[in-house]
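Hi,

Here is the structure I said I'd pass on. Have a look first, and my notes on its cavities and pockets follow below.

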Amino acid sequence: MESLAIRHRPKGFERVAGQGHAVEFLSQLIIEGQICRNILLYGAIGSGKTTLARIYAKALTCEQQPFPGGSPCLDCKSCRDIGAGEATNFHELDAPSYENFVQLKSKIDSLALGASKGWRRVIFIDEAQSLARYPQSFDYLLKKVEEPNEGISYCFATTAFEKISPALRSRLHCLEIRPLILPDCIKYLERIAEAENIKTSPDALALIAALGDGQPRNMLHVLEVVSRNADVTVDRVRQIYNFGYTEILTRYFIALGQGDFRRQTEIFFQWNEDAREKVRLIQVLMLSLYYKELCGLSLTIDPVIASMAPSDRAQIITAFRERLKEANLKSFWEGLIQAWPVITSDLSEESLFILITDFQRRVSAASEIVEHVPPEGPFFSPTEAAWRPPVDKMTTRQQRRGGRSEVGKDPRYLTYDQVKDLFNAASFLTQEYGCQFNIRVTVRSRLFGCDTKSEVSKLLSGFAHAFTDRLNKWIGHSHWLCVQEFEDGAVCSRIIAVGPQPDSREFKMMQKWFSNWRKNERTAGQEEQAITADLTSTQKSARKMKSHWDSVRWLCAGMNPAEPIYKRLVLPKSRQAGDLGSKRRRHSASESLTPSGMADAMQHEMEPLSAFDDEAWDHLYNGWELQEFHDRQKEKGQRQADIHAISRKYPRGDQEQDEKRKREYGELLKSWPDRYRRPRSWYAWHPPDEVD
Ligand SMILES: [Zn+2]
C-alpha cells in the first residue's frame, strides 16, 4: 500500500496545509491568467516544496482554467499526463544527479526551446543548492531566467537558500516554505486521521507534530508508524518513540525540589545529552510547571514536556512544597525564572556548566532567590529559546552609556567608527544573506619580499582581487572584511570571509590555493607563514554564529583598549594596528559589504537593524540575525509582490494610469512599517529614542 504521505499529497492549492503566503502568490498567478513566473521555493526536507511546484505546474498548463481557486482540474489531458509522469510540459530535474555542467546545460537547452502561443512548460530544478558545485551554472541560468522563451517558467527548489547565487536569487520570486505552527499541525493531522479512520487525541497529535518538526511528510511518517494496529494515544507515541529524557528531567527536578545539590549535579553530568539541549529542556520544564501547575493555565510550550505524566509532575511540585513549607511557591518560581542566566549562542560548554552550577546553588539555598534582583536583559536568546518573554527588557540609555568613543584618536589603533563599520557589516551579512564568516586569513607582506610601500599595496590589493575572484568561482559569491595592520614591523592584511562548506571539494581547493598563491615570491623557508588561514568546520547554525562573531572580534583586536567599549565587545588580546600613515585605507570590504553594496540590498525601505548602533549590547552576540534573515526574506518577497501587483494594475504609457500608479506606489510606501516594526518571529529591542 502507498504510504500516508503519498496518499495524502495535496493535489490542489486549497489542500496545502499552512503556507498562506506562497499558496496565495502562486494561485493568484493562475487566476490572473496562468502567468509564468520564475520561482525559488526554499525550506526544509519534507516541507512540501515539490508538491507545491507540481500543483503550480499543473495549474499553469491545465486546459480547463479558470478552475476554482486557481487549482488544476486534474481531469484534462495535461493534468493527467503530469499526474502519470508522462508530461511534455513539466520536467523535474534533480540537480545532484547531473555529473557535470555540460550535461545539465544540454538538458535545459533542449527543454527551453520556445513554445507555441498559449503553450506552457515548467522546468523544475530540485535540490538546486548542488548547482553551487558548478558556479558557471548560475551565470547560465541567470541568463535563461532573464530572457526566458515565451511560455517557459523556471521553478527552483532548495533546502539551502544561501547556496543559490545572490544574483540568481534576485531575479527569482523567492517563497519560503516554513514548518507548520502547532495549531496548524494538529488541524492537518486531524484531517488525515479522520480520512484514514484513525482514532487520535489532540495531545498525541501535538507529540507527533514535535517529532515531525512540523514538516508534513515527517509528521505523516510518524503518524503512520504509531497508528499501525492501535489507536493513537500519548502513551502509544511515548512507547514507540522513547523520550527517555523526561524520566531524567523528573529525577533532576525532584532533586532540585529537595535541595539535594550533590544529586542534582550527578544527574546533570550523567545525562548523556548536549549541554545546550539539557539547559533548554530544564528551562522548558520550569516554564511548563509554572504555567500548568502553579498558574493553572493550559499552555503548551513543548509537546513532549507537556506529555509528561501528571503524577511525575505532581511529584516534582510536592518535593518543592515539602522543603519550602511556608514560602509561596509561585513567587519562589518567579524568582527562579528571573534568576535564570542569559543563554547566548556564543557560550562555551564550560560557561554553561558554570551557569547551571550557579542555578543549582541558588535553588538549593532557597531564601536567597525570593529576594533576587532580576538581571538586565532578556532571559533567553532568540536562537535558543523555545519560548520568549513577550516584552524585551532593555537596559536604559543611562546604563548603556559608554558606547560612544571617549578616547582621542590614536593612529596606532583602529578607531571606534572603524570597529562600528566592521560590526555592522558583519551583522548585515547574516541579516541579508543568511551566511556567516568562517575563515580568518593573514597575508604577511614581509614574507613576500616587499620593500616599498607601493609594493606592499600592490601585493595586498592583488591578493584581495584574486581571492574575490576565487570565491566567486568556488561558491558563487564573495563576502569578506579586511583590516590592515602591522606585525613584526611590516604591514599585513587580516581578512575574514565566507568560504566554502567544510569537507567540500572547494574547501580543499581553497586550502591548496592559499599555499600556492605567488609561491615563488615567498621568502624561502617561510612559505607556509606567508599566508596563514584558520578555517572553522562547524555545521550547526548556533555554532556558526559563535565562530562568526569570534572571527569579527579577532579582526577588531587592533582597537584601542582604552576605549570604554573595548571591554564590552570582549575583544581578544589587543594587537596594535600600527600607524599606517593617514593616506592608507585601514579597512576594506567585498563589494557586497561596502556602503554602496549594502544600500543596494536595502531597496524597498529594507533597512537592516544594528545592535551596535542602538547600543543594544545584550543582542550583540546572541545570534538574532539568523531569525531576522528569514523574516527579512519574507518581508522583501511581500513588498516585491505588492509592487508587482500595482504595476500590473495600471498599464504603462497612459498618463492617467501613470498618475494613479504613482499615487498608489506612494501609499504603499507609506504603509511599510519602519525597520523596528516590520513583522518578526522574534522580539527585537525598542528603537533607542523610545527608551529614553
Ligand atoms: Zn486540467
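Let's start with the second largest cavity, which has a volume of about 40 Å³. It's a predicted model, so local features need pLDDT of at least 70 and side-chain atom pairs count only at pLDDT 80 or more, while totals for chains, interfaces and linings use all residues. Residues are numbered from 1 along each chain as its sequence is written, and side-chain values use heavy atoms, with hydrogens and water left out.

On terms: with a 1 Å grid over the protein atoms alone, a cavity is a set of points where a 1.4 Å probe fits but cannot get out, a pocket is an open set with protein on both sides within 12 Å along at least five of seven lines, and lining residues have an atom within 4 Å of a point. Points are joined across faces, edges and corners, and volume means the space filled by probe spheres set on them.

The whole structure has 2 cavities of 30 Å³ or more.

Now the second largest pocket: it holds about 880 Å³ of space. Its lining has 30 residues, with Pro166, Ala167, Ser170, Glu432 and Tyr433 nearest the centre.

Cheers
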